[in-house]
Amino acid sequence: MASSKSLIQTLLNPAAATKQWQHPNPHHYHHQHHHRPTSIKAIRASEPSKPSNPTAITTTGHGIPIPARWTIDGWKEKKALQMPEYPDQDELESVLRTLSSFPPIVFAGEARSLEERLGHAAMGDAFLLMGGDCAESFKEFNANNIRDTFRVILQMSVVLMFGAQMPIIKVGRMAGQFAKPRSDPFEERNGVKLPSYRGDNVNGDAFEEKERIPDPQRMVRAYCQSVATLNLLRAFATGGYAAMQRVAQWNLDFTEHSEQGDRYRELAHRVDEALGFMAAAGLTAEHPIMTTTDFWTSHECLLLPYEQALTREDSTSGLYYDCSAHMLWVGERTRQLDGAHVEFLRGVANPLGIKASDRMDPNELVKLIDILNPQNKPGRITVIARMGAENMRVKLSHLIRAVRSAGQIVTWVSDPMHGNTIKAPCGLKTRSFDAIRAEVRAFFDVHDQEGSYPGGVHLEMTGQNVTECVGGSRTITFNDLSSRYHTHCDPRLNASQSLELAFIIAERLRRRRLGARQSVRF
């Protein structure tokens, strides 16, 4: 692990987050050992609401025709997949008018700040940690669950920062991650066929006809829960809970007497030593760097009526922001170039993610990036690869090369969860920790091979002591799954497994850092 001196440098200069960037060569960031520029020139975001010629049809750099004018409801003219069918349209419209009158959940300036940090990750100067529930639920909504997930993310970020000696961008799949895409619009059990469960903001998970009818009022409840969740997260992030002096106190009770708990306690002791040195040097515990942390929220952009209702025009920039979350991503099932979800997302100024499976065609990825980020703005696009380990080794390099050839700037992130879902003998969905670890290693290996930057990791995880993914140092078996299997959708890593994975990633980041130093030295 790293020295106290290098930790101090990281704490005192978290991201050079206020750097001004400049990209004289769009291919530059792909080459691992090149000298990186110390300044980045801010690139102005597109202004979809104020076209110079509203009727003109423009073409992207790769031949994709895009209407010059974007409107907030223009997505309705496109084919929208994965959308629920509400039986009462009048009630739906009434709910959407109500949501449109509500205050924003997040603010445009916060989203811009995240975009700037993600631009650093694209250049290899920061690392993104995204984590949280597969799907948030109304039933499991309580302060303890929010706190426990938040502090596991804090623990992981400390581990990663020690290994990487770079800022960790913390983004939660929280405060809005309700809606879920489904492979089939209907579910059948014992000859009874009902609409599929699409997330608590659409319908209920109980296999009952009344529960499965899409209910627009659930969007109001989801909004209120998101606001309350983010309110608590803001309090944790800025009210002293996230203070570095508390690093040893973040350990969860059930991880305390485990291998990962022991490793974390050792790391926390080293942090305490570094903090003591810093205090002696005059950087007191009251310094904002020591008492607060930045934390952002994200979710899949799926339920478009809800997303439109929470989209606002920013008074300072004139750009539109989807104020339901700081960051949104388009999923594997809804990323069609001519689809409604891409049409909506191209006009909002939030940083965006693109989920890319092994089925993603490299040319299609280039075209999609071109549509969503025509000005090639750093931090705007994060490509989240979800392929499985073997496919990752074969397919990812083709995507990297296509994006590099197009001169596009993206942040590459690994989602080692969704390509590794299996069915256990007992019938429950699960994921193997070994498979997750193998995909993360493949992700780093490919970037080492290509000379590009592994910019982050995207995990489905929880602070609860669940038994949903098999394996890990505490060896959860197939027989253990049913004891604490609480997920409403896909299996999640528990706190111990998440921390174990963080140490594995931190070691890879440490090796990259030392390798880069040696290449400069020799």
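Gly131 stands opposite Leu459 in β16. This is a predicted model, where local features need pLDDT of at least 70 and side-chain atom pairs count only at pLDDT 80 or more, while totals for chains, interfaces and linings use all residues. Residues are numbered from 1 along each chain as its sequence is written, and side-chain values use heavy atoms, with hydrogens and water left out.

Strand β3 (residues 127-132) and β16 run parallel and are joined by five bridges. Strands here are DSSP runs of E with at least two residues, helices are runs of H or I with at least four, and both are numbered from the N terminus. Two strands pair if DSSP finds at least two bridges between them.

Strand β16 spans residues 454-460, and seven of its seven residues are buried, that is, under 20% relative accessible area with a 1.4 Å probe and protein chains only, where over 50% would be exposed and anything in between partly exposed. Another partner of β16 is strand β13 (residues 411-414), which runs parallel to β16 and is joined to it by three bridges. Here Ser414 stands opposite Val457.

Now step back to the whole sheet. Eight strands form a closed barrel with parallel pairing, in the order β3-β4-β7-β10-β11-β12-β13-β16. On average, neighbouring strands of this sheet are turned by 25° against each other, direction ignored. Within it, four bridges join strand β12 (residues 381-385) to β13, and the two run parallel. Ile384 has Val413 of β13 as its bridge partner.

What packs on the sheet at β11 (352-356), β12 and β13? Helix α12 does, touching those strands, and its direction makes about 165° with that of β13. Axes are lines fitted to C-alpha atoms, for helices over the stretch in contact, and angles run from 0 to 180 degrees between N-to-C directions.

Helix α12 (residues 389-405) also meets helix α11 (residues 362-372): their axes come within 9 Å and cross at roughly 45°. The two helices are therefore oblique to each other, a term for angles that are not under 35 degrees (roughly parallel), over 145 (roughly antiparallel) or 65 to 115 (roughly perpendicular). On the α11 side, the contact (heavy atoms within 4.5 Å) is made by Pro362, Leu365, Val366 and Ile369, and on the α12 side by His398, Leu399, Ala402 and Val403.
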